Amino acid sequence: MADAHTVSNFYYKIALENRDRFEEYRNRVDVVLSSDKEDWMKDMESSDYCYQSLKCAVQSIVFSAMCLEAFIYDYSKKHLGSSYTKKHIEKINIESKFIIVPRLAIGKELDKSGQGYERLKKLISDRNKIVHFKSMSDFLTQESFLPESMENGLEAVVELMNEFELLHPDEKLYFSAIPMHAECFA
């Protein structure tokens, strides 16, 4: 069975791959719209590519959140113990885990006014909009919040791992160089 570190890396790779696929589909939209095809054909093809790109954005957002959830859970188990984590940490919301777990583990807190934490809150809010869907008029349109949210989710992973590296420099290898290698920091 894979450990959470491996799972977290796996989730981050899926998020990155879906961002790349999103960009490929958006490029296809541009190519179709600038083609000499008839308007009805342009509309049909570009709509399909747009829809495919938004599916990729959804997958990237959800997997960015899953990466961070796997990371903080594994970090908690490593530093606080499996039993303590299961009994006291598991049911806490993810935003709180990112504050409480490092405080308990190393006596330091993540900066709640920092970019990483702000991005995490937005990521979880956007993930919840997707997972707990309520009717939204722009969910699957060109004006959708999904592309921006996808970038925020990937940046949340990077920002939080950079902040964890500052909080816990002894764990540098645990967190380092992930964006360059397309892996999560966990």
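**Reading the features**

Author: Buried means under 20% relative accessible area, exposed over 50%, and partly exposed in between (1.4 Å probe, protein chains only). This is a predicted model, in which local features need pLDDT of at least 70 and side-chain atom pairs count only at pLDDT 80 or more, while totals for chains, interfaces and linings use all residues. Residues are numbered from 1 along each chain as its sequence is written, and side-chain values use heavy atoms, with hydrogens and water left out.

Reader: With which residue does E90 form a salt bridge?

Author: Side chains of opposite charge can pair when their charged atoms come close. A salt bridge is a side-chain nitrogen of Lys or Arg within 4 Å of a carboxyl oxygen of Asp or Glu. Here the partner of E90 is K91, and their closest N and O atoms are 4.0 Å apart. K91 is exposed, with a relative accessible area of 76%.

Reader: How many salt bridges does a search of the whole structure find?

Author: The search finds 10 salt bridges. In one of them, R19 pairs with E151, the closest N and O atoms being 3.8 Å apart. This pair links distant parts of the chain, 132 residues apart: R19 is in helix 1 (residues 4-33) and E151 in helix 6 (residues 146-167). Helices (H or I, at least four residues) and strands (E, at least two) are DSSP runs, numbered from the N terminus. E151 has 30% relative accessibility, so this residue counts as partly exposed.

Reader: Which residue forms a salt bridge with E69?

Author: That residue is R127, with the closest N and O atoms 3.3 Å apart. Again distant parts of the chain are linked, since R127 lies in helix 5 (residues 115-131) and E69 in helix 2 (residues 39-80), 58 residues apart. R127 counts as buried because its relative accessibility is 14%, whereas E69, at 31%, counts as partly exposed.

Reader: How many helices and how many strands are there in the protein?

Author: The protein has eight helices and zero strands. Of its 186 residues, 45% count as buried. A contact means heavy atoms within 4.5 Å. Among contacts between residues at least 6 apart in sequence, 72% join residues at least 24 apart.

Reader: Which residues form a nonpolar patch on the surface?

Author: Patches are made of residues with over 30% relative accessible area and no salt bridge: like charges are joined within 9 Å, nonpolar side chains (Val, Leu, Ile, Met, Phe, Trp, Tyr) within 5 Å. Accessible areas come from the Shrake-Rupley method with a 1.4 Å probe; for residues, only the protein chains shown count as cover. Y84, I100 and L104 form such a nonpolar patch, with about 240 Å² of accessible area together. I100 belongs to helix 4 (residues 94-106) and is partly exposed, with a relative accessible area of 32%.
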